[in-house]
Structures are given as C-alpha cells and as structure tokens.
Amino acid sequence: MEKIRAWTLADIPAIVALERACFSDPWTAEAWLGAIPRADVFGFVAEENGELVGFACGTALFEDSEIWKVAVRETMRGKGLGGALTDALLNEAKARGAQRTFLEVRVGNQAAIGLYRSRGFETTRERKKYYADGEDALEMKKDL
Ligand SMILES: CC(C)(COP(=O)(O)OP(=O)(O)OC[C@H]1O[C@@H](n2cnc3c(N)ncnc32)[C@H](O)[C@@H]1OP(=O)(O)O)[C@@H](O)C(=O)NCCC(=O)NCCS
C-alpha cells in the first residue's frame, strides 16, 4: 500500500538515488541538504512498504508558489502516485497562502506535461533553450 508523507532530512539518500535515475541533470546531496530545511520549501515522498518510490517538492512565498520537481520510480508510474504527490504540493501551497503556482517543464516531457495538464495547469509561454542541453521549456501556471 502506497503512502504520501512530508519529507524529512533522513530521506535525502533515497531522494538523491531516485533523482539520479529519473533526471539527466540531478541535484547533489549538498543541494538537497541546503533546500530541505528552508522555510519556504516543502516536499513530500511516496512510500511503498516503507521504501521511497516517489518525491515532489516546491516553494511558496506570499502569493506565488512553484513546483520544482515531481518524480516516481519507473516501475511505479501510471498508478496515480505522480498525481497524488502533485496534489499534496498544490494543497500545501494553498495552505501557505499562495494564490498561483508556476513551473517549467521540458517541451519533450509528455508524461510531465500530461500530469500538469491533468491538474489544471495551462501553458503561459515557451522559453527557448532554457535547459543546459539546449531543450526548450514550457512555462505553466495554475491559479489556486
Ligand atoms: C511525470 C511523472 C512524475 C508522472 O508520474 P505518474 O505516477 O506516472 O503519474 P500518474 O499515474 O499520477 O498520472 C497523473 C496524470 O498524468 C498523466 N500522465 C502520466 N504519464 C503520462 C504519459 N506518459 N503521457 C501523457 N500523460 C501522462 C496521466 O494521464 C494522469 O492524468 P489523469 O490523472 O487525468 O489520468 C513520471 O512520469 C516521472 O517520474 N517522470 C520522470 C521525472 C520527470 O520528468 N518529472 C517531471 C519534471 S519535474
């Protein structure tokens, strides 16, 4: 049975390992160590039988919030976990008083674009060569 809960510093090794498996440009453990305790940053993990199989994080400051990352272990995709993690971020941002959420996503990342559209995000603009490897980004927005 899967469970969603707020992250803790003890989750860092598992988050780093999952992020390396899911992203071409992962953060370092030190970057996570700096981000997780920040008051404006929040995150959630998905566990199955006590094992971390997904995580999502973002930030909120006054009326604006951002989704930074959502990732689910490849073998666990398509079961609603990415959606549940995104919903947890949106609920937390709203609880903190944010009125809208922004994010950037690679134009070729159909799964992520599908996930964000399913949660009501709309594309606001395209950012050319936004990523280090030259891929364009879509900027998406949702009013909370
Ligand atoms: C994006 C990602 C988190 C989706 O996780 P998931 O657990 O498979 O997503 P869910 O099963 O909860 O699906 C949620 C919605 O996304 C849509 N979706 C999921 N995979 C999709 C795909 N391959 N193509 C199109 N839409 C897709 C589904 O239609 C679903 O919508 P619904 O709720 O209306 O049915 C997962 O593919 C992943 O970890 N990718 C690698 C990391 C990444 O690129 N993260 C995003 C950038 S930060």
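Predicted model: local features only at pLDDT ≥ 70, side-chain atom pairs only at ≥ 80, totals over all residues.
Visitor: Good. Where does A35 sit?
Guide: A35 belongs to helix 2, residues 29-35.

Visitor: Buried, exposed or partly exposed?
Guide: Partly exposed, because A35 has 16 other C-beta atoms within 10 Å. Burial takes 20 or more, and exposure 12 or fewer.

Visitor: How far is A35 from K94?
Guide: Their C-alpha atoms are separated by 20 Å. Along the chain they are 59 residues apart.

Visitor: Switching to helix 3. What span should helix 3 have?
Guide: Helix 3 covers residues 81-95, so its 15 residues at 1.5 Å each should span 21 Å. The end C-alpha atoms are 21 Å apart, which agrees.

Visitor: Which residues of helix 3 are buried?
Guide: L81, G82, L85, T86, A88, L89, L90 and A93.

Visitor: Why does the spacing along a helix matter for direction?
Guide: An α-helix has 3.6 residues a turn, so residues three or four places apart point the same way.

Visitor: And what covers the buried residues of helix 3?
Guide: The cover includes strand 1 (2-6), strand 2 (41-48), strand 3 (51-61) and strand 4 (64-72). Strand 5 (100-106) and helix 4 (110-118) are also part of it.

Visitor: What comes just after helix 3?
Guide: G97, with a positive phi of about 100 degrees.

Visitor: Now S65. Where is it, and is it buried or exposed?
Guide: S65 is in strand 4. It counts as buried because it has 26 C-beta neighbours inside 10 Å.

Visitor: What does S65 touch beyond four places in sequence?
Guide: G58, T59, A60, A93, A98 and T101.

Visitor: On to pairing. How many bridges join strand 5 to strand 7?
Guide: Seven, and the two strands run antiparallel. E104 has E139 of strand 7 as its bridge partner.

Visitor: And strand 6 with strand 7, how many bridges?
Guide: Five, again antiparallel. R127 stands opposite A137 in strand 7.

Visitor: Where are they?
Guide: F62 is in the loop between strand 3 and strand 4. K129 is in the loop between strand 6 and strand 7.

Visitor: Buried or exposed?
Guide: F62 is exposed because it has 10 C-beta neighbours inside 10 Å. K129 is exposed too, with 10 other C-beta atoms within 10 Å.

How values were computed. Residues numbered from 1 in each chain as written. Helix = DSSP H or I, 4+ residues; strand = E, 2+ residues; numbered from the N terminus. Expected span 1.5 Å × (residues − 1). Contact = placed C-beta atoms within 7 Å. Pairing = 2+ DSSP bridges.
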